[in-house]
Amino acid sequence: MAISAKGGSLCLKKICFQGVRKHFSAVGVEAVLGLPTPLIKDLLPHLTVCQLDELQPALNQRGLSTHPGWIRVLQDMCGPNHVTDFDTEEEAKHEVMRMLFTLVFYGFTNPFVKRNIANLNTPSFLWAAAKCIKHFLLTTPVESLTAERRPLLNLLEKRIWSVGVSQSIDISKRRTQTALYVLHRLLDHGVAKKIVVHVQCPIVLAWILHGRGSQYVNPDLKELLESKKASCVSQTASASADGASCGSGLATGAAEEQVTPCKRSKLDSAEEPGRSNFTLDPQVLCRTFTPRDGLSVGACPWGRIDCLDIRQCGSDSLRVLNSALPTFFCLRSLTLHSFLTFRDSDVLSLAKALKQLSDSSHSSLADLNISVLPCTWLVEVLLDASPKLTSLTAEIQTLMWGQRLLPQRPRAAASDVSERLPLEKLDIKVAELQTDLRFVTSVLRRCPQFTSLRLAGIRLPSGSSLSQLFTTLSDSNPLLRSLNLEDLKLSDCLPEILNLLRDCKLEELRFNDCRLLEQWSNKEESLQRLVDALKAVPSLHALSLAQNRLAKNLCVLAELFSGPAPSSVKRLDVSSNFIQPAELLVFAKRLRTHRPPHRLTLDLRVNPGDRDPDTWNAALKRLRPFCVLLVKGWSSTDTMADHISNM
């Protein structure tokens, strides 16, 4: 009878929550805020996205977070087994709005949108989402932003930091010219400083880059530019302050970056052979799409691009970029991805343009991300061309057939090797049969300010060891904070690893798929030595040993938190280690004895919990009081998954 009453009570509460959701406008925010705090917390997962957004400021003033509500929305959108790893309210909210805005704005759908279409297909939702998102994906059609949704464009202009171009734009068609106008508004009048080009469209890339690079004035042209500036300012003064007017852009962020507000010229058709209609400058676009309501159109400013990301960078796009790079002084971050491996000649042409840029004292480029390079020596070519870089990310995939187009680069002279670089971060992924580790250790020796290293996929010649990597890090890189090694063989490097840990300032350590235990004769004892060394690193807060076949040896990791000086690790990743339910239960019991000093985020994804669900759930129950658990479903009927995890 008691169970029935309890069940009836829960059912009644759920009905009331559904009623509040359905009649929220009639109930009112004040009535909801008047509920007891425990009841408000129970209500949040039942509310719509707009209702959560409306309640959030008032709840925050009371010290309450809408985080559970946003997490519930994410789980409803992505499924109960999807890991929603967002620690804060704002992170979870941004992810919800980011995912839903594009779907609703462009009329796309999925099961979640279908179920909630009445609450999502409204101006209020788009307005709420637009106030939250930072990235706008530009595709077609966007005509509504120049018509009934023009106020939304004004809002996006003030909020969007990053713009993505996901479709080729034929500038000869008015419909896609609208997309160019929206792009112009966001880049040249708004606060957007990052552009992501997802498609191969060199002509649009040329339009994007034209006039937005150089932020500095040649002294010889100072007098001419000053007269132009005076002319532009007088034109702009007569422009309307309305966001739809081109003159308004000067007050939205460009001025504070001290960009010279000069009128942009048309791109002459000679710049793009065969495209005689390539003459649309931003002022023409504004005259075309700004309503004829008596507003005057002032001179268009040049928007500043700090970050450029080209996801499909073919040879044509690279040629367009190389022509702009030498004076692209405001560019801080450059990312170039190609589905095919770049040719040696393409990379050398890029290096030449980068060298011209870096030779200028006005260059701001600090971050370079490029893939896929055909060989490792080109990494050093790019570093030599851009010696001011602080971050370099590269993926290398050696051609498996055919002849090299150019000979291997000769080894650098001793004077070159001794030259110091300001590089702080290096991220290298390699896919080749054999790699000469010296190219990595050489770079590390030249970088005393190094703080972050990620290496993946390096294969050494038979009989060689990665131990020299750890020796170099110990000797040359005392400021190292993050070490991320993936798909490497480290089982013969334990002494060097322990030596590195004795005197380091690591905050993050990842040994993923590194076959750590493979050659250890006494796996438990060797793992205990590693744990003891890790405990002695007080700065360490994130540790990943994913895909290392820990299995029954998992329990040793509980010793991280034993004794008078427990580890400060707050995030532990043991995913994909073929941990059986009984082994997790032993770990849970031991960890309950040695409780972490901080709430521990424990990643248990891709482990066979369904082998014994009762034992697995019992282990999870023991862990939950002091752990945030990341668990994703596993199907043991998938024999290939079993095989891979137990290899």
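**View 1. Arg 304 and Asp 306 are joined by a salt bridge between their side chains.** The N to O distance is 2.7 Å, and a salt bridge here is a side-chain nitrogen of Lys or Arg within 4 Å of a carboxyl oxygen of Asp or Glu. Arg 304 is buried, its relative accessible area being 12%, and Asp 306 also counts as buried at 16% relative accessibility; buried means under 20% relative accessible area, exposed over 50%, and partly exposed in between, with a 1.4 Å probe and protein chains only. This is a predicted model, in which local features need pLDDT of at least 70 and side-chain atom pairs count only at pLDDT 80 or more, while totals for chains, interfaces and linings use all residues. Residues are numbered from 1 along each chain as its sequence is written, and side-chain values use heavy atoms, with hydrogens and water left out.

**View 2. A salt bridge joins the side chains of Arg 454 and Glu 486.** Their N to O distance is 3.2 Å, and the pair links distant parts of the chain, 32 residues apart, with Arg 454 in strand S9 (residues 452-456) and Glu 486 in strand S10 (residues 482-486). Helices (H or I, at least four residues) and strands (E, at least two) are DSSP runs, numbered from the N terminus. Salt bridges with shared partners bring Asp 427, Arg 454 and Glu 486 into one network, and Arg 454 is partly exposed, with a relative accessible area of 21%.

**View 3. Arg 115 and Asp 76 meet through their side chains in a salt bridge.** The N to O distance is 2.6 Å, and the pair links distant parts of the chain, with Arg 115 in helix H8 (residues 111-115) and Asp 76 in helix H6 (residues 67-78), 39 residues apart. Asp 76 is partly exposed, with a relative accessible area of 38%.
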